[in-house]
Structure formats: C-alpha cells, structure tokens
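I set out to record what I looked up in this structure. The entries below follow the order in which I went through it.

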Amino acid sequence: MIEIPAELVASQAKYNGAAGRAFVAALPGRAEEFLERWGLRVTGPSMYGVASLVLPVTRGADGVRAALKMQLLDEESAGEPVALRAWDGDGAVRLLAEDPGTGTMLLERLDEGRHLSTLGDAREAVRILGDVLARLVAVEAPEGLRRLGDIAARMVAQTPEAAARLGAEDAALLRECAAAVREVMGEPGDRLLHWDLHYDNVLAAEREPWLAIDPKPLAGDPGFELLPALTDLWEEDPAAGTWWRFDLLTERLGLDRERASAWTLGRVLQNGLWDVEDGEPALDPDQVSIARTLLARGR
C-alpha cells in the first residue's frame, strides 16, 4: 500500500472535484500497475504537490534511482512529457519513461530536499534561476502545446468583466496590465516556456547542480516567465527588489526590457483574473507593487 497524503486528497477535491476524487481513488492501483510494468521498487515515503503523487523508486533492471510521478491527466499535465522530451535533460529533469494514457511518468531522481528556495542567498538564487530559464527558453516549442497568443487574447477579453468586480484602484491596474498585453500580443513568441519556474521548482541534482521540474509548458515569449522570480524569496519590500531582479533576469536571457515588462504585466493580469474568478476581493498586494513599479518605469 502507498501513502496518499491528506493534503493531496484535499487539493484534488478542491480544484478538480469529482475527477480529482476519482484520481485519488485510483492511485493505489495505478502505483501497483506501473511499479510492476517498469520493474520498480519503492525506496521511501510518498512525496506530493498540489496535483501529483511522487514515489521515490529504484529500477530493478539497472539499479537507477528514479521518481514515479502520477497525476491527473488534463490540459496542463498532458504537455509535461512533451516539454521534457524537447529539453532532453538540458536544464530540466530527464524523462525516463511515460504512459500517455494516464500521464504517469518515470523521471530522473533529483534531491527533493534541496530546492533553490533553500539556498539562503537571494541574488545567487535569482542568477541560478535565470541561467536555468535561459537554457529552457533556448528551445523552440514543439507543435501541439498551448500558445501564449491564444491565452493573451482570452485574458484581454475577460478584463472588463473582472475589473468591474474590483475596487477602483485594482480595477485600473488590471486594465493597465491588459493595455500592456495588447501592445505585444501580436508577437507572442515561439519559445518553449516552463510557465511555473519558481524557486521550489528548481532542485539540486547529481548530474547537474540545479534542474527544473514540473513544467506547465506553453509556446510563447520568455518575458512571460519572469514573474515567479520577482514574487518569491522576498527579503525586502517588493518595490525595492523588483528592479535588480528584473534587470538581472532580462540580462541573463537577453530580453528586450520593454517587451519583458509587458509580458510580466501579463502574468500579473493572469493571476489577477484567476483571483477574481476565485472570489478574491482584491489583487495580491506584492504583485500590485511589482506591476506599479514596472508601469512607473515605462512612463
């Protein structure tokens, strides 16, 4: 029997409803199936995120240490093996085996106890994340992935209704973010984006010092990737830290700062729309601060 953490049960029920509950109920049988199919032996306790259960395993055929990742197959998770195959271990965890029908994957084993967020040096963490990100976005997105242009068009269309549900200042900011996106959405880009590269999604490894995990892949402009690196690991007021982080990242990636700023405002817009959809009465204050800082430089 495998342990299914209560937090995963709760998150699946909250975000995926009946499909999430069915996924959790099927996990013991699915684990048994893939442990047998791929000749694996469980070597430690279950690990989990909001959307997946991960078992540390050893492959019997060659003794390779690996991780068996089981997740609900949906629009987000379906693209993960596509991206991992395209990167082929260059900056990201390596895909060892997959089952397209269930979204189950066998992955290279990384050091789950050493996230980039534990480094203890914010500037070095931003530099490392920027270097990892530069390698990831160097790859052209494969066909079939979601595209930033489509997402941007939907966000802009949803803005008026969402803004009407916010206070005056937040509504005005949301509209300014949408206006920035309109300026760049005609050239949405074709790079392979991770879409969720925060500091807990970069892990230490044996093969390389740091590798990315858990992509939610998207084809688009690398500027759309920057916001998580600006919002996490705050040891200062967000307004004070935004510029050195933004400048370091855009330099590492070789990005046009004006376009990168617009797409970063696009991420603030996306998160704001999600917050409104979830019934939040106001936008996230740290992201508001970052957006205002970016908009002030552009004026």
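**Entry 1: Salt bridges**

I began with arginine 85, which has a relative accessible area of 45% and is therefore partly exposed. The model is a predicted one. I then looked for the partner of arginine 85 and found a salt bridge with glutamate 98, with the closest N and O atoms 2.1 Å apart. This pair links distant parts of the chain, since arginine 85 lies in helix 3 and glutamate 98 in strand 5, 13 residues apart. Glutamate 98 is partly exposed as well, at 26% relative accessibility.

Next I turned to helix 1 (residues 6-37). There I noted a salt bridge between the side chains of arginine 37 and glutamate 33, at 2.6 Å from N to O. The two are four residues apart in helix 1, so about one helical turn separates them. Arginine 37 has a relative accessible area of 43% and counts as partly exposed; glutamate 33, at 38%, is also partly exposed.

I recorded a further salt bridge between the side chains of aspartate 190 and arginine 191, at 3.0 Å from N to O. Aspartate 190 is partly exposed at 31%, and arginine 191 is partly exposed at 22%.

I also found a network of salt bridges that links Asp90, Glu108, Arg135, Arg207 and Glu208. The count of salt bridges comes to 21.

**Entry 2: Positive phi values**

Most residues other than glycine have a negative phi. Aspartate 88 sits in the loop between helix 3 (80-87) and strand 5 (95-99). Is aspartate 88 buried or exposed? At 51% relative accessibility, aspartate 88 counts as exposed.

Tryptophan 195 also has a positive phi, near 75 degrees. I located tryptophan 195 in the loop between strand 8 (191-193) and strand 9. Its relative accessibility is 9%; the cut-off for buried is under 20%, so tryptophan 195 counts as buried.

I traced an open sheet of three strands in the order 7-9-10, with antiparallel pairing. Strand 7 (111-115) and strand 10 (210-212) are the edge strands, each pairing on one side only. From one strand to the next, the twist averages 55 degrees.

I then examined strand 9 (residues 202-204), which pairs with strand 10 in the antiparallel sense over three bridges. Leucine 203 has leucine 211 in strand 10 as its bridge partner. Helix 4 (residues 122-136) packs on the sheet and touches strand 9 and strand 10. The direction of helix 4 makes about 55 degrees with that of strand 10.

Technical notes: Residues are numbered from 1 along each chain as its sequence is written. This is a predicted model: local features need pLDDT of at least 70, side-chain atom pairs count only at pLDDT 80 or more; totals for chains, interfaces and linings use all residues. Side-chain values use heavy atoms; hydrogens and water are left out. Two strands pair if DSSP finds at least two bridges between them. Axes are lines fitted to C-alpha atoms, for helices over the stretch in contact, and angles run from 0 to 180 degrees between N-to-C directions. Contact means heavy atoms within 4.5 Å. Buried means under 20% relative accessible area, exposed over 50%, partly exposed in between (1.4 Å probe, protein chains only). A salt bridge is a side-chain nitrogen of Lys or Arg within 4 Å of a carboxyl oxygen of Asp or Glu.
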